[in-house]
Amino acid sequence: MLKKWKKGHHLDPQREKIKEDLFGFKRTAHHGFPHQPSALAFDHKLKLMAVGNKHGCIKVFGAPGVEFSAWHNEENQIMQLHFLAGEARLVSILDDGSIHLWELQAGKEDKRVQEWVKVVTHQLPGRPGMNQITEVMVKSTNNSIWIGTESGGIYPLSLPSFEPCDGGLIHQDQVMQSIPEKYKTGKALGPVEAIEEHPTNSNLVLIGYSRGLVVLWNDQTKNVEKYFLGNQQLEAVSWNSNGHEFMTAHSDGSLLTWQLTDNDVIPAPNIPYGPFPCKAITRVLWKTSKTQPFVVFSGGMPRANYGDRHCVSVICGRDHVTFDITSRIIDFFVVCENSGAFEDDENPEYLIILAEEELIAIDLTKEGWPSMTPPYLSSLHSSAITCSAHVSGMSSQVWQKVEAAAQRANLLDGRNKKKPHISLDSRWPIDGGVNLVAPLPERSDRELLLTGHEDGTIKFWDATTSCLKPVMKLYTSYLFVTDGDTIDNDGFEDEYPPFRKIGEFDPYSDDPKLGIRKLAMCQQTGTVVAGGTAGQVFVFVLSDDAIETSLTTKEVDILHERSGFTWKGHDKLIPKDIHLSLEPGYQVNSVVQCKPPAGITAINVQAQWGLLGFGTSHGYALFDYQQNKCVLSQCTLETGDHSAMDGHFTRAKSFKMSLRQSIRRLRGSFKRGKDGQKARVSGRRRNYRRGDMSKKLQEANAALVDEEEAPGGAGTGTWSPAGQRKVEARAADEGMSGMIRCIYFANTHIRDTVSLSPTFWIGTNTGSIYVYGLDVPDYSKRQELEVTSIIGKEIQLMHRAPVIDVTVVDAHGSPVHLSSGKTSNGTGHGSASHHSVVISSEEQFKVFSLPKISPRKKLKLTAIDGSLVRKVVHSRFNSGTNPDYSENALVCLTNQGEILLLTVLPSFRPQVSYPCIATNNPLGIGSSILTTTGQGFYLMSSSEFERFTLAVCNVVEPKCFVRVDPATPITPLPKTVTTEAVVQQENEENNRNKDAAPTSPDKKTPKKEKREGSVVVAMTTPSPKQPLLGDSEDEDDDSEHFAQHESVLEEAERTLAQLDVGARHDSDDGDVDVDELLGTVAEAEINMAN
């Protein structure tokens, strides 16, 4: 669309430079939980955690704010992840059998910031089906990796080159030679299920096969030291830190403890949840402590009663807890005080569980093993997200009150009772890396993200930094009668197994009518309002005092007993007749019930006036929550609109009506010219008039049409976008005509140009805007006098498109402050005091002057081309080079996923356009949030937000690095294995795959795009004929080339030897000057060439 706007217009270089300093699109961060996780790894030395998913994405986390992302070129599922402990290297195993080595390197744009780069890739020899990888182990020395396969073979590979180690493949035949003849039944040993290195002797490795055989392999002598014959299918193996015994887990739910000195006797099986048949124990960890050892395992539940449960059990002496998790368990690990120091007790401290829908942390150092709240990877979708809102510029005073309220609210559950087994002061154990972003000042403003959920909860998230931190949760379900009131979640605490429900993810709702549909928050007071699916509206206020009150619900009749209307939708929620004891913090101030109980479609609050505005598909209402009474309500249904009777939220249009309107638009858009070609129709559009439209309003709209369609008219100024199209008026009977789309409060000129007065604005689904002037009593008499409506006006847009946004701006285009009538930059007098209202519909933008509401300007967006406005916000952009310069812009998101930035005053001017969200991602477009600070959010999946920025001066992204321990020996990469070589090999393999199997037209090939910030910068594919450093393209002598290149490398090594090796771990003053080093190498090659 921007190409059409720019067509035929001269570009001002000075203006283009200003735009570069103001606007810039960048994807900055991901918030939430990764979609479909599939692998987990932990580096006990660097304190880093890695999570891989089914789409080839790797995320590495450390301390809060330390976050890295990396992507494979192929969207294959990541089966396993393994750290090279202490080296900042990571091995990933994909479902296609490929093995990849990643390394943390300095960023290309900022050397202080690191990024994960894929440096080596490898594929096991043989057919992929025969060499499917089942188990992987990285030796403690980080010099080799052992790969177990489906066929029972083990491939020891050296690191970091992935070259075969001495001795080669460990085949099953070598193992079978050392076991008794009675165990040789002619059957294969099965896939490799476990590979575990001895705690104190790295030459000894336990190898477990699916059939039940476990052998102790000596890597130095290349033979079997001992064998252990099991009679059940093997699932997992775990060493005791003393190195004298180990534990095996089996498919029948049993655990066996084996002694190295006594391998002839099969130990008695221990079935924790027997004696009835149990499911397999899929993973087990055996950790020693100062008192009793810890045994942590997943699975093993009794098949008949609890076979569908996802559980992780922890047993330590007499303490036994079975943690019951809602979603499937991916993997888990234990953080120990003495990890790697096997001569001492390991002393487990924390248990980290990665489930399919959430991350769970348990503090094993405290009594009762309470759960912790992770600072990241929060489960945004613990209940399905139904709406969201963003609050910018929250003052530090209000933020401190919110934090104080959160400390108390986080201890309560959905029934307003204290949560058991929860810890709010436990230390987060994964704290590796350094966050380079400066900490926020104590009195800085905050940004808050609110999410409403299907179960009636409202979650608060601190979105000020790149780490989306959970703040608190508000519940609404306990105010109503639901099916979950009779369920006792603690009812099975005394049963065996000793279940304990843990985690927040709960896909089931007690009643779908509890869902939150709209949210709003006052940034000056912290007041939160929410509207639900069944017409329920809540007002939550911050209070420093505890109160006791009874729940009273105020009913608001929007239809006013309108005749001929029958509600056919769902019933309203039944409020409980209860007495509430509310602690200091967020308290329920008012509960309003709409009649009929249709879902809330728009909501807003003006806390300083004590007013709440909300709308449904039938009309709107203004509610005074300080006096708990309705100020006004109005039905907006048009005659014959029956679609609002069943409570649907989408506009109901029949197939015949849609087809008829499409044909009419096509006929009206083209006509046959003299030369037989089709040409665009010019002339005035058809006017659709409403029967109750006033004569004055008709004349104003007609004058606006004439003014804009005249060449060089004042409506478009001297600029006329070439990409505009005629906007066709919509029929009055399209359906859902009464739906309210936006609610707005402003202190502006509505009666005259001298005085400011409170106003209330409503936009509907058919292009109607209702305006009310309000008389709000002074604060001292607020409880005595009522709020009254003193004046009302109506604006009807001719094209009848839904109104998305209404905003009052000053002469500079800056939004007017709600309470004072001043602009966001503080001006309230002079030219800036002349207010205008910007009305944004789905198809165009209009500016009306105040108080006469006379049309001034209009910019049309075409609906014929398929572009409709979905989200609109007025944002402020500061210059990146001049701190004293800023501009206001209107930011809109279209249904094509495109972001458009326009200046409103003195004239509509398109500035920049960015593709943001894929057109085939309706979830992302529908869930998008645009902020007043030039940022945005949208759902990548049901569990993860992607954050982006449009402002050069407002970039919130992770910037971090990891210090590698200088004492850790790191094997350098071989000279023959380079990043470019890896990418070239992958591209050749991809090309061969493309030639062999044609790609489906529906499946898009993933692009190698540059990902900014802390994520991986995709490696540029070099040309196969690209020469090395210092070589000419016509050089044919390879021997001379390699000799020359080795001489250059030797010169570089001599230069490196003169530098302090430990400088890479110190501050920036001690870092190696890479540019100087490269200059030295280049000079050496030039001298050799001469």
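This is a predicted model: local features need pLDDT of at least 70, side-chain atom pairs count only at pLDDT 80 or more; totals for chains, interfaces and linings use all residues.
Two strands are taken to pair if DSSP finds at least two bridges between them, and strands themselves are DSSP runs of E with at least two residues, while helices are runs of H or I with at least four, both numbered from the N terminus. Residues are numbered from 1 along each chain as its sequence is written, and side-chain values use heavy atoms, with hydrogens and water left out.

Let me start with a sheet. Four strands make up an open sheet with antiparallel pairing, in the order E6-E7-E8-E9. Strand E6 (78-84) and strand E9 (114-123) are at the edges with a single partner strand each, so one side of each has no neighbour in the sheet. From one strand to the next the twist averages 25 degrees, where axes are lines fitted to C-alpha atoms, for helices over the stretch in contact, and angles run from 0 to 180 degrees between N-to-C directions. Within this sheet, E7 (residues 89-94) and E8 (residues 98-106) are joined by five bridges, and leucine 90 has tryptophan 102 in E8 as its bridge partner.

Which strand holds isoleucine 93? Isoleucine 93 lies in strand E7, and it counts as buried because its relative accessibility is 1%; buried means under 20% relative accessible area, exposed over 50%, and partly exposed in between, with a 1.4 Å probe and protein chains only. Leaving aside neighbours within four places in sequence, isoleucine 93 has contacts, meaning heavy atoms within 4.5 Å, with residues including Ile78, Ile99 and Val136.

Next comes helix H5 (residues 396-409), whose 14 residues should span 20 Å at 1.5 Å a residue, in agreement with end C-alpha atoms 20 Å apart; the expected span is 1.5 Å times one less than the number of residues. Among the buried residues of H5 are Trp399 and Val402, and the buried residues pack against several strands, including E28 (385-394) and E40 (585-595).

Aspartate 511 is buried yet has no salt bridge, the nearest side chain of opposite charge being lysine 513 at 4.1 Å. A salt bridge requires a side-chain nitrogen of Lys or Arg within 4 Å of a carboxyl oxygen of Asp or Glu.

Methods: Lys and Arg count as positive and Asp and Glu as negative; His and the chain ends are not counted.
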